[in-house]
Every structure is written in C-alpha cells, then in structure tokens.
Amino acid sequence: MTWQIEPSDQFNRDFKKLGGNEQEALAYNLQIYHESLNSCKNPIQIQHGFLHPEPMGIKAIDQGGGSLPGGKKRPKMKEIRLYTYSNLQSNTLHLLFIGDKTSQNKDIQFAKKMVAQILKNTATE
C-alpha cells in the first residue's frame, strides 16, 4: 500500500518559517513515518519516539529523535510539532500544520477542525 503525502497550504507556510535545523529534523522524522506507513498493514500501530497520538487519529511528529542521516547529531532546537492525519480511506497522509509546545492545546483543537473538514470532504467524494 502506497501512501500519498498531501501538505496543506498552512503546513507549507509554517515549514518555510522554520530554521534549517528544524526543517531538516522534521523532514527526516516525516520520511521515517511515511516509510512506516508504506510498510505497515495497520498504521494505527506505528510507534516512534518522535510520534505522539492525539485525538481523532491525529499524530504529532516532533523534532526529536536519534541521529540524522550520516550520523549528524541533532542540535538543540525549539520544541515543534507537525500535526498530521492519516486518512485510511484514501491512503493519504495529510500534513496539517506546524505548532509549538507552548500552543499545543490550541493546536490540537485547530487540528481536530481540519480533520473534521477532511472527513467531510472525503464523505462527499
């Protein structure tokens, strides 16, 4: 099963605002998660140290983890989270937006609204 990645406009704006270290770390963790989705029969069971389950099937990917490609150590970075939603009906990984630890509760509420809209759009297709 091949999963397609669909970034939202909000994600694209947020990603451009990040520093290079944060971009690299999130992109690498996203790559690992995407590879896991493509090789797993039940994506709900995927677990990584940088992956945090949230309500409504939302997963938050943070900047943490082991070494980056080539054994490069991760520098100290701001705590950020990429909110994602894996739509099991369409095999689409939606990249919702990027938030930080200080706005986590508000971010989760916003992510839930975005997922509700995705589900509404999926139901009408």
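The largest pocket has a volume of about 200 Å³. The model described here is predicted.

**The largest pocket**

- The lining of the largest pocket consists of 14 residues.
- Glu6, Thr92, His94, Ile118 and Asn121 are the lining residues that lie nearest the centre of this pocket.
- By residue type, the lining holds 7 polar, 5 nonpolar and 2 charged residues.

**Nonpolar cores**

- There are 16 residues in the largest nonpolar core.
- Within this core, the residues with the most contacts are Leu26, Tyr33, Ile61, Leu82 and Ile98.
- H2 provides the largest share, 4 residues.
- Leaving aside residues up to four places away in sequence, isoleucine 98 touches Phe11, Asp14, Phe15, Leu18, Leu26, Ile80, Arg81 and Leu82.

**Strand S5 and its partners**

- S5 is mostly covered, with 9 of its 9 residues buried.
- On one side of the pairing list is strand S1 (residues 4-7), which pairs with S5 in the parallel sense over 4 bridges.
- Proline 7 has leucine 95 in S5 as its bridge partner.
- S4 also pairs with S5, in the antiparallel sense and over 8 bridges.
- Aspartate 100 in S5 stands opposite isoleucine 80.

**The hairpin of S4 and S5**

- The hairpin formed by S4 and S5 has 4 residues between the strands.
- Asparagine 91 in this hairpin takes a positive phi near 50°.
- Glutamine 89 is found in the loop between S4 and S5.
- The relative accessible area of glutamine 89 is 65%, which is over 50%, so this residue counts as exposed.
- Between glutamine 89 and alanine 123 the C-alpha to C-alpha distance is 9.9 Å, while the two are 34 residues apart in sequence.

Key. Residues are numbered from 1 along each chain as its sequence is written. This is a predicted model: local features need pLDDT of at least 70, side-chain atom pairs count only at pLDDT 80 or more; totals for chains, interfaces and linings use all residues. Side-chain values use heavy atoms; hydrogens and water are left out. A nonpolar core is a set of buried Ala, Val, Leu, Ile, Met, Phe, Trp, Tyr and Cys residues joined through side-chain atoms within 4.5 Å. Buried means under 20% relative accessible area, exposed over 50%, partly exposed in between (1.4 Å probe, protein chains only). Helices (H or I, at least four residues) and strands (E, at least two) are DSSP runs, numbered from the N terminus. Contact means heavy atoms within 4.5 Å. Two strands pair if DSSP finds at least two bridges between them. On a 1 Å grid over the protein atoms alone, a cavity is a set of points where a 1.4 Å probe fits but cannot get out, and a pocket is an open set with protein on both sides within 12 Å along at least five of seven lines; lining residues have an atom within 4 Å of a point. Grid points are joined across faces, edges and corners, and a volume is the space filled by probe spheres set on the points. Ala, Val, Leu, Ile, Met, Phe, Trp, Tyr, Cys and Pro count as nonpolar, Asp, Glu, Lys and Arg as charged, and the others, Gly among them, as polar.
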